[in-house]
Every structure is written in structure tokens, then in C-alpha cells.
Amino acid sequence: MSEHVPVITVCVPTYNGREHLAECIASIRSQTLEDFEVVICDDQSLDGTLELARQLAEGDERFRFISNPRRLGLARNWNNCVNEARGEWIKFVFQDDTIAPSCLDTLLAACLRSGMQLGFCERDFLFEDCASGTLRDSFLCHKQRIHADYHAGPVITPEQAILIAANEPTRNLVGEPTVTLIRRSLFNEIGGFDEGLIQLCDAEFWCRVMINYGAAFVPESLAAFRVHAKAATTSNHRDRAFRSRVLDPLIIQHRIAFAPQFKPMRDSKVAGRSNHSLRMDCAFSAADAWRQARRTPSAATGDSSRGMLAEWNAAKSHCAGL
């Protein structure tokens with residue numbers, strides 16, 4: 001007999017995440033849709049995350065556990081989860097997050113009904129005490145923007161996505177991966193998460209998908225994203241400010257100006273920007289980033305462990321043409 005292929009693969013990339021893992025796995029196991037598998041790819045955790053995951057899922061044959069032989073890092077581990085998936089659809093759930101019992105059912109129905117290859121929902125936030133007021137405000141503001149931008153209907157066209165991205169190229173059009181459902185074949189067509197980005201790897205991917213294919217939007221909070229001091233977003237802004245706030249946006253700017261997957265963004269009739277102006281803006285941004293890297297002491301930016309020149313060289317080697 002042939003092996004059963006699940007409808008959805010729930011991908012849980014983990015790294016030192018045992019603190020909230022029980023809530024995460026419990027929310028996955030409570031889904032009303034039952035035809036799914038769970039792939040947990042652990043990126044060399046030192047706190048027993050993978051061992052705890054095995055205990056929490058004991059007896060549930062839908063779970064598979066993968067221990068990466070070496071540290072892959074954030075986006076590479078996300079891609080590793082996708083590579084290990086067998087389902088037709090990919091549902092990310094991060095180790096700190098939870099999803100509502102109807103999340104899989106509702107997102108899948110929205111995608112099938114609309115014919116879209118990407119679906120996403122609204123989300124709530126689980127703010128821990130260490131989350132600053134500024135950080136809280138930024139997340140809540142983003143939630144309001146999502147609702148305002150897509151309130152008109154359940155289907156977002158590529159043209160709508162292009163107009164939003166043209167005004168704010170680095171804006172996250174969707175939110176965190178925990179709110180999404182993605183057809184697995186889409187990764188073959190358009191590529192995976194950009195492993196050269198440390199902060200905007202999800203935002204870049206959503207933009208790449210939506211300007212080409214559009215998306216289905218579910219105006220319900222079917223996921224909860226946890227905001228805390230150990231989260232990648234918080235640590236990147238604290239410890240790798242130059243890379244996350246300057247170089248990640250620059251790489252996206254370069255992709256929009258030159259990469260074939262972003263060709264729709266260079267249609268001036270839709271985006272309102274000429275190819276020449278996009279490339280000139282990218283050149284100016286690159287020159288400014290280079291000047292910052294040369295003249296700013298690392299200690300002044302929070303990048304003391306790496307150095308801004310090292311970060312610049314890493315971004316340049318990843319993004320040919322900078």
C-alpha cells in the first residue's frame with residue numbers, strides 16, 4: 001500500500017523553545033481538521049526542546065522529529081521544514097505561538113474556495129511583561145493596518161499587493177508565518193525563504209508571493225503570536241540593528257529593482273514607479289549603508305559581536321550587485 005499523504009504539514013521549527021512548547025503542541029493537536037502531520041525540525045537546541053516535544057506528542061503518529069546535524073539558523077530551518085514536509089499544504093506554527101482549533105479548517109477552506117495558494121488570517125498577541133510599550137504599539141498598529149488594507153474582501157489580488165508594497169517595500173503584508181497556509185508546490189515555483197535576511201525573511205516571501213499570485217484573507221484571529229525578550233525580532237533589533245534595520249531593507253530594495261520574481265513591482269502602470277527610479281533609489285541606499293558601515297563604530301549600533309563591515313560584506317556576498 002502507498003503511504004498516506006496528509007493534506008497539511010504543520011511545520012514547527014524549534015530552537016531553545018521548551019518554555020512555551022506545551023501550549024504550542026496542545027493547540028496543534030486540538031485542531032478540528034485531523035488529516036495533518038507535524039514536522040518538528042530542531043536546530044541544535046541546548047535546553048531539551050526536542051526531548052520535551054517527543055514527550056508531549058507521545059503516541060501521536062502524526063508527529064515526526066528531526067534533529068538538524070548542525071545549526072542552520074532561522075530562515076534555513078524554515079526551509080528545512082518545508083523540504084521535510086509531505087503534505088499538499090504547509091502550515092507554520094512557531095514554538096512560542098498557538099493556533100485556534102478551527103485554524104487549519106478555516107484557512108484551507110478559504111484557499112480552496114478562492115483558488116489561492118496562500119491564505120492568512122488575523123492574529124492576537126501574547127505580550128509578556130518584558131515587551132516594551134513601543135514594541136506593543138508597533139504590533140497592534142500592524143494588526144490594524146492588516147484589517148484596514150484587506151477589509152473589502154476575502155481575496156487580495158496581485159495588483160492590490162503591488163500598490164501596498166510600492167509605497168512601503170519592506171512592510172510585512174501578512175504578519176508572522178504562524179498566520180499562514182501555503183501550498184507546498186509554491187515553494188518550487190517561487191523559491192523558499194531568503195536565507196540572507198535575518199529579520200524580514202517572512203515579509204520578503206509574502207511580498208514575492210502576493211505580487212505574483214495574490215492571497216486569501218480570513219478576517220478572524222485564528223492564531224496568537226507571542227512577543228517576548230528571547231524572540232528573534234527582539235534580539236535582532238537589540239543585537240544586530242544595522243543588519244536588521246538597514247541591510248535587510250536594502251536587500252529587499254535590491255530584489256524589487258532587479259530580481260525576476262519581483263518583475264511585477266517594476267510595472268510602472270501598476271506600481272507608479274519606473275524601473276530606473278527603483279534602481280537609482282537602491283543605489284543611493286546602498287551607498288548610504290556602505291558609508292555607515294565604514295564610519296560607525298560597532299559598539300554604537302549594538303552590533304558589537306559582528307561589526308558593521310562584516311555585516312555589510314555578508315549582505316553583499318549574498319546579494320550580488322550591491
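Author: The model is a predicted one.

Reader: Why is the aromatic pair of Trp78 and Phe94 called tilted?

Author: The ring centres of Trp78 and Phe94 are 5.2 Å apart and the planes make 40°.

Reader: Which parts does the pair of Trp78 and Phe94 tie together?

Author: Trp78 belongs to helix H3 (residues 74-84), while Phe94 lies in the loop between strand S4 (89-92) and strand S5 (98-99), so the pair ties together parts that are 16 residues apart in sequence. Both Trp78 and Phe94 are buried.

Reader: What makes the pair of Phe92 and Phe94 edge-to-face?

Author: The planes of Phe92 and Phe94 stand at 80°, with the centres 6.3 Å apart.

Reader: How do you know that the charged end of Arg71 sits over the ring of Tyr15?

Author: The charged end of Arg71 is 3.9 Å from the centre of the Tyr15 ring. The criterion asks for CZ of Arg within 6 Å of the ring centre and within 35 degrees of the ring normal.

Reader: How do helix H1 and helix H2 pack, and what is the handedness of their crossing?

Author: Helix H1 (residues 21-29) and helix H2 (residues 49-56) pack at about 35°, and their axes are 10 Å apart. H1 passes H2 in a right-handed crossing. On the H1 side the contact involves Leu21, Ala22, Ile25 and Arg29, which meet Thr49, Leu52, Ala53 and Leu56 of H2. By class, the contact has six nonpolar residues, one polar and one charged.

Reader: Why is His20 called buried?

Author: His20 has 8% relative accessibility, and buried means under 20%, so His20 qualifies. His20 is found in the loop between strand S1 (8-14) and H1. Beyond its neighbours within four places in sequence, His20 is in contact with Gln95, Asp96, Glu128 and Arg226.

Reader: What makes Gly214 a buried residue, and which residues does Gly214 touch?

Author: The relative accessible area of Gly214 is 0%; the limit is under 20%, so Gly214 is buried. Gly214 is placed in the loop between helix H8 (201-213) and strand S9 (215-227). Not counting residues up to four places away in sequence, Gly214 touches Met116, Leu118, Ile156, Thr157, Pro158 and Val209.

Reader: Why are Asn16 and Gln44 called partly exposed?

Author: Asn16 has a relative accessible area of 32%, and Gln44 has 33% relative accessibility. Buried is under 20% and exposed is over 50%, so values in between count as partly exposed. Asn16 lies in the loop between S1 and H1, whereas Gln44 is in the loop between strand S2 (36-42) and H2.

Reader: What is the phi of Asn16, and what is that of Gln44?

Author: Asn16 has a positive phi of about 45° although it is not a glycine. Phi of Gln44, likewise a residue other than glycine, is positive and near 65°.

Terms used
Residues numbered from 1 in each chain as written. Predicted model: local features only at pLDDT ≥ 70, side-chain atom pairs only at ≥ 80, totals over all residues. Heavy atoms only, no water. Phe/Tyr/Trp six-rings, centres within 6.5 Å; stacked < 30°, edge-to-face > 60°. Helix = DSSP H or I, 4+ residues; strand = E, 2+ residues; numbered from the N terminus. Buried < 20%, exposed > 50% of the residue type's maximum accessible area, 1.4 Å probe, protein only. Axes fitted to C-alpha atoms, helices over the stretch in contact; angles between N-to-C directions. Left-handed = near helix turned anticlockwise from the far one by under 90°. Contact = heavy atoms within 4.5 Å. Nonpolar A, V, L, I, M, F, W, Y, C, P; charged D, E, K, R; others polar.
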